[in-house]
Each structure stands twice: as structure tokens, then as C-alpha cells.
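This briefing sets out selected features of the structure shown below, grouped by topic.

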Amino acid sequence: MNAKTKVLTQIALITAVICILGPLTLPIGPVPISLAPLAIFLGVYILGCVKGTVAVLLYLLIGLIGVPVFSNFSGGAGKLFGPTGGYLIGYIFTALVAGFIVERFYRNVILQALGMILGLAILYLVGTVWLANQAGMTLSAAAAAGVWPFVILDLLKIAAAILLGRAVRAGLIRAGLIETNRTQAA
């Protein structure tokens, strides 16, 4: 398999994982608990910043055209640009930030976790500001609906992504299916 085909396949597989886990939710209010953040953190952990972010962009494009890959098996422009769409858009920034830090500090789990937490904080910020604006809520009310119920579970998703991601990435490297950047910091 040539290098370009290998990269396209990697991105497609992570996009598929996000599309499979993204709709699986637990509705608790206007913003449901979703497995999409776990899939995104796992994707950037395995593929890195650029390829992981491309997978997120493809996921959002697939949802935008109407395929039911967003929470509660929804899709379309109304969902992407509706009140909770900021959390979906925020996935882009989460992937960029978390992926960048994971790539740079692949051997330092603490820095990886902090990078994912920073990415999560950006996700919360984008989503909360968007929700407040779209739903006519105060920032405090939007945070109460879209942040505080999720913090502990999202931190657990980060831990799971690191544990699972390390194992999957190491196996893929051993199998020669993905390459590692030898200049990654300790």
C-alpha cells in the first residue's frame, strides 16, 4: 500500500470511529452526554494533529450533509448550526490543540493529559458561548447546561483515550501501519 493510500485509510477509519461513537448519547438536557469527545481524543492520539483534525472535519461534513452521525442520531445543517452546534464546531479546535500537544510530547502522559484538558476547555468555551448566543441564555446558564454536567465524564474520556490510544498506537507502529515522529519530545 502506498503512503498516500495508507494516510487516507487511517483518516477514514478514525472518521468512521467518530461517526459510530458520536451518535451514542445519554440525553440529560439540551446538551447530551456523547461519546464523540472520546473518539476525537482517541483519533488525535493515534493519528496526531493534522490527520486527526481532518477526521473531525470529515465527521462534521458527513453530519452537515444529513447523515445521522451527531448526537441522538441526528444530522444536517440545523444541528450543526443550532444551539448545540458550537460544541460540534469546537471539536475542530479540540483536535488541533490536543493533537498538537500529544504529538509534541508523545512520551509524557502528564503533558498529553494537560493538552487534552486544554482542548476540552476550548471545546467548552466555544460551545458555551455559541449555546448562550443561540439559545438566548446567560453564559452562566449555558455553562450549567453544557459544561458542568460533563466535566467528570469528559476527564474520564481523556484518561480512556490515553490508555487505549497508547496501546492502539504502539500496536499500529509495531505493525508498520503508522509511523512515529522520531523527534517527539520526552
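V17 lies in helix α1; helices (H or I, at least four residues) are DSSP runs, numbered from the N terminus. At 31% relative accessibility, V17 counts as partly exposed, on a scale where buried means under 20% relative accessible area, exposed over 50% and partly exposed in between (1.4 Å probe, protein chains only). V17 and A55 are separated by 38 residues in sequence and by 9.5 Å in space, C-alpha to C-alpha.

The model is predicted: local features need pLDDT of at least 70 and side-chain atom pairs count only at pLDDT 80 or more, while totals for chains, interfaces and linings use all residues. Residues are numbered from 1 along each chain as its sequence is written, and side-chain values use heavy atoms, with hydrogens and water left out.

**Helix α3 and what follows**

- Helix α3 has 16 residues and reaches 22 Å from its first C-alpha to its last, close to the 22 Å expected at 1.5 Å a residue; the expected span is 1.5 Å times one less than the number of residues.
- The buried residues of α3 are C49, G52, T53, A55, V56, Y59, L60 and G63.
- These residues lie on the same side of α3, because they cover an arc of only 155° around the axis; the arc is that of the directions from the helix axis to the C-beta atoms.
- The cover over the buried residues of α3 includes α1 (3–21), α2 (36–47), α4 and α5 (85–104), where contact means heavy atoms within 4.5 Å.
- Just after α3, G66 takes a positive phi of about 110°.

**Nonpolar surface patch**

- V50, V54, L58, L61, L64, I65, V67 and F81 form a nonpolar patch on the surface, with about 670 Å² of accessible area together.
- Patches are made of residues with over 30% relative accessible area and no salt bridge; like charges are joined within 9 Å, and nonpolar side chains (Val, Leu, Ile, Met, Phe, Trp, Tyr) within 5 Å.
- Accessible areas come from the Shrake-Rupley method with a 1.4 Å probe; for residues, only the protein chains shown count as cover.
- Within this patch, I65 is placed in the loop between α3 (49–64) and α4 (77–80).
- I65 is exposed, as its relative accessible area is 64%.

**The loop between α4 and α5**

- T84 is found in the loop between α4 and α5.
- With 14% relative accessibility, T84 counts as buried.
- Leaving aside residues up to four places away in sequence, T84 touches P30, V31 and K79.

**Helix α6**

- The 27 residues of helix α6 (residues 109–135) should span 39 Å at 1.5 Å a residue, and the end C-alpha atoms are 38 Å apart, which agrees.
- Among the buried residues of α6 are Q112, M116, L120, Y124 and L131.
- Parts of the structure that cover the buried residues of α6 include α2, α5, α7 (139–146) and α8 (151–174).

**Salt bridges**

- The structure holds two salt bridges, each a side-chain nitrogen of Lys or Arg within 4 Å of a carboxyl oxygen of Asp or Glu.
- Side chains of opposite charge can pair when their charged atoms come close.
- E103 and R104 meet through their side chains in a salt bridge (2.8 Å, N to O).
- E103 is partly exposed at 23% relative accessible area, and R104 is also partly exposed, at 36%.
- K157 forms a salt bridge with D154, with the closest N and O atoms 3.0 Å apart.
- Both K157 and D154 lie in helix α8, three residues apart, about one turn of the helix.
- K157 and D154 are both buried.

Note on methods
Helix = DSSP H or I, 4+ residues; strand = E, 2+ residues; numbered from the N terminus.
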